[in-house]
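Take a look at the two chains and how they meet. Start with one chain alone, then turn to the contact.

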Amino acid sequence: MAEEEGESLIHIALGGEELFAIGPFVVTNSMIGALLASLLLLAAAWYVTRQSTLIPSRLQGLLELPVEWVAGIVAGSTSRWRGYVALVIGFFLMILVANWLGLLPGVGTIGLRHGEELVPFVRPAAADLNFTLGLAIITFVVFVWWGIRINGPGGYLKELIGEPRYMAPLMFPIHLISELSRLVSLSMRLFGNVFAGEVLIATMLALTTATLFVLPLAFFVPSIFLGLELLFGAVQAIVFALLTMTYITMAIAEHDGGHEPEHDPRDDHGEPDAHPASSPA
Amino acid sequence: MQFFEAFGVDVPKLAFQIINFLLLLYLLNRFLFKRVFDLLDERSSKISKGLEDAEAAARDRELARAEREAAVAEARKEANQMIARANKIAEDTRNEILTSARTEAEKVSTRAREEIVAEKDRAMAEIRGQVADLALAAAGKLVRHEMDDPTQRRLVEEFLAEVKPTTKPSN
């Protein structure tokens, strides 16, 4: 990655870089990253479901684990969790795979040479604002849709206006901005973390390979940051997924006690399973 | 807009990412999540059923053990009772046999004694008769004088009656 070109040690592109174009449609390397992550996930899904058994094999258990884990968290949010659990797990898996994909050797180092600059074939999808903004837009649409679905359009609008009606001129813009800021915070947080991680690793690699004197450091200093990025990648994935869950939960729960009774029937529904197991004991 | 340009954001790229994710989500949900959820539900119900079964089996086992113990205790008690009863019967029988044997023996010995006494009396009477005759004969010979029989006889018998207490009956 180190390109000693004038004064800059590394080459940094803020967005996805164009690889080629199909007619007017430009294909960037981050699109390839997103596609690769998708295909990897689909392959794993195919593997899990192809020979899934009740008593899981080791690999099946490993692949089921994240689904089960996130589903367990989402199931504790609201009684309507079945309606959005797939979205949350989907976010988690997609971002996790896309982030970890970016840490593989070859990603970011193998590519086309455009003049002096190397354009990698694959760029971690989340290091492109298009990807993170796209996911955030989906989240935004979904939680607004849930709010309207639960409270009705009028109820949703009332939520935006706020409780003391005379404060509306002040509160409405604030609420609107707060809703929209979720879009920005979700997308920029993920993008910033992954992009910064990429830059950090590139920088470390460039620094440690800058002179022969520090070259031995190149064998383990970037590895430390790679390990950190492994952690951050997972953290950002779960943060994005759980924030999505939280926004949807808030949109559902903002509706007052009228929804609460629906909590209990589920608990009652859940209890008959536990009841026969415990009562004869 | 300049902000978006700087980050390389434009509508086609954004649309591609959104469509890509939604498509992936649809496929994952269709083929993976539903399957995994079903499997997890099935597995958890199987496990809870298994646990329940195990609990029931343990309960049954405990019950069977208690029953068996009760049966063994019952049998032991019964056997003890039987032994006690048998012992008692044996004891009773023994006592009965002993008592009857004792009474029998007593009866036999009494009868024997009585017979002996009767025999002795008979023998004494007989002897007495013979002795009287002998005495008479001896006396006749000695006296050489015949007395009328009835008088002599009375005399002798009187004599013998007097003598009897001094002579030993067994001789």
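A residue is called buried under 20% relative accessible area, exposed over 50%, and partly exposed in between (1.4 Å probe, protein chains only). By that rule, 15% of the 171 residues in chain B are buried. This is a predicted model: local features need pLDDT of at least 70, side-chain atom pairs count only at pLDDT 80 or more, and totals for chains, interfaces and linings use all residues. Residues are numbered from 1 along each chain as its sequence is written.

Chain B has 3 helices and 0 strands, where helices (H or I, at least four residues) and strands (E, at least two) are DSSP runs, numbered from the N terminus. Its elements run α-α-α from the N terminus on.

Now the interface. Contact means heavy atoms within 4.5 Å. Chain A brings 48 residues and chain B 36 residues. The size of an interface is often given as the accessible area lost when the parts come together. Here the buried area (accessible area, 1.4 Å probe, that two parts lose on being put together, summed over both) is about 3600 Å². Carbon and sulfur atoms give 75% of that. On the chain A side, A:T49, A:L54 and A:N130 lose the most area to chain B, together 18% of what that side buries.

Which charged pairs cross over? The rule finds 2 salt bridges across the interface of chain A and chain B, each a side-chain nitrogen of Lys or Arg within 4 Å of a carboxyl oxygen of Asp or Glu. A:R82 forms a salt bridge with B:D41, with the closest N and O atoms 3.5 Å apart. Of the side of chain A that touches chain B, α1(A) supplies the largest share, 10 residues.

Key
Chains lettered and ligands numbered in written order. Heavy atoms only, no water.
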